[in-house]
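This report describes selected contacts in one protein chain, working from its sequence and its three-dimensional model. The sections below treat the covalent link, the strand pairing, the aromatic contacts and the charged pairs in turn.

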Amino acid sequence: QVQLVESGGGLVQAGGSLRLSCAASGRTFSSYNAGWFRQAPGKEREFVAFIRRSGNTYYADSVKGRFTISRDNAKNTVYLQMNSLKSEDTAVYYCAAKSAVTISGNYDYWGQGTQVTVSS
């Protein structure tokens, strides 16, 4: 069992930056692949970024070049560095983990989410 807790969300002006953290407890997090998703009001949850155990990373086109996903296995933590934030990035951001290496499909564990609000 893995528990995921996100932190780092908040209110920021457009063009600003935030770094989200996803702290894992339980089983060794380094054996999992991890992703960040977001859900804006009235919209479906969407993929943001993914990092494999190997360290390979993948991004949604909407955040490519602005967001960076990384992991620190010693700290059992995955990060999402968000730069050049736009109002359309406003959403609840969720961290998720899975054993499978594919981005799509079900995830084994989810965090509770952290709110990111970008003011224009």
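## The disulfide and its surroundings

Cys95 is buried, with a relative accessible area of 0%, and Cys22 likewise counts as buried, at 0% relative accessibility. In this predicted model, these two cysteines form a disulfide in which the sulfur atoms lie 2.1 Å apart, and one disulfide is what the structure holds.

The strands β7 and β8 form a hairpin with four residues between them, and in the turn Asn76 has a positive phi of about 55°. Five of the six residues of β8 (residues 77–82) are buried, so the strand is largely enclosed by the rest of the structure.

## Aromatic contacts

The count of aromatic pairs comes to seven. One of them is the tilted pair of Phe37 and Trp110, with 5.1 Å from centre to centre and 55° between the planes. This pair, too, links distant parts of the chain, with Phe37 in strand β4 (residues 33–39) and Trp110 in strand β10 (residues 109–110), 73 residues apart.

Ring pairs join Phe37 and Trp110 with Phe47, Phe50, Tyr58 and Tyr107 into a cluster. Trp110 has a charged contact as well, in that the charged end of Arg45 sits over its ring, 3.9 Å from the centre. Elsewhere, Arg71 lies over the face of Phe29, at 5.3 Å from the ring centre.

## Salt bridges

Four salt bridges are counted in the model. In one of these, the side chains of Arg38 and Glu46 meet with an N to O distance of 2.6 Å; Arg38 counts as buried at 5% relative accessibility, while Glu46 is partly exposed, with a relative accessible area of 35%. Another salt bridge joins Asp61 to Lys64, with the closest N and O atoms 3.1 Å apart. In that pair Asp61 is exposed, at a relative accessible area of 67%, and Lys64 is partly exposed, at 49%.

Asp89 forms a salt bridge with Arg66, where the closest N and O atoms are 2.8 Å apart. Asp89 lies in the loop between β8 and β9 and Arg66 in the loop between β6 (57–59) and β7, so this contact ties together parts that are 23 residues apart in sequence. Both partners are buried, with a relative accessible area of 0% for Asp89 and 11% relative accessibility for Arg66. Salt bridges that share partners join Arg66 and Asp89 with Arg38 and Glu46 into one network.

Definitions and conventions:
Residues numbered from 1 in each chain as written. Predicted model: local features only at pLDDT ≥ 70, side-chain atom pairs only at ≥ 80, totals over all residues. Heavy atoms only, no water. Phe/Tyr/Trp six-rings, centres within 6.5 Å; stacked < 30°, edge-to-face > 60°. Helix = DSSP H or I, 4+ residues; strand = E, 2+ residues; numbered from the N terminus. Lys NZ or Arg CZ within 6 Å of the ring centre and 35° of its normal. Disulfide = S-S within 2.5 Å. Buried < 20%, exposed > 50% of the residue type's maximum accessible area, 1.4 Å probe, protein only. Pairing = 2+ DSSP bridges.
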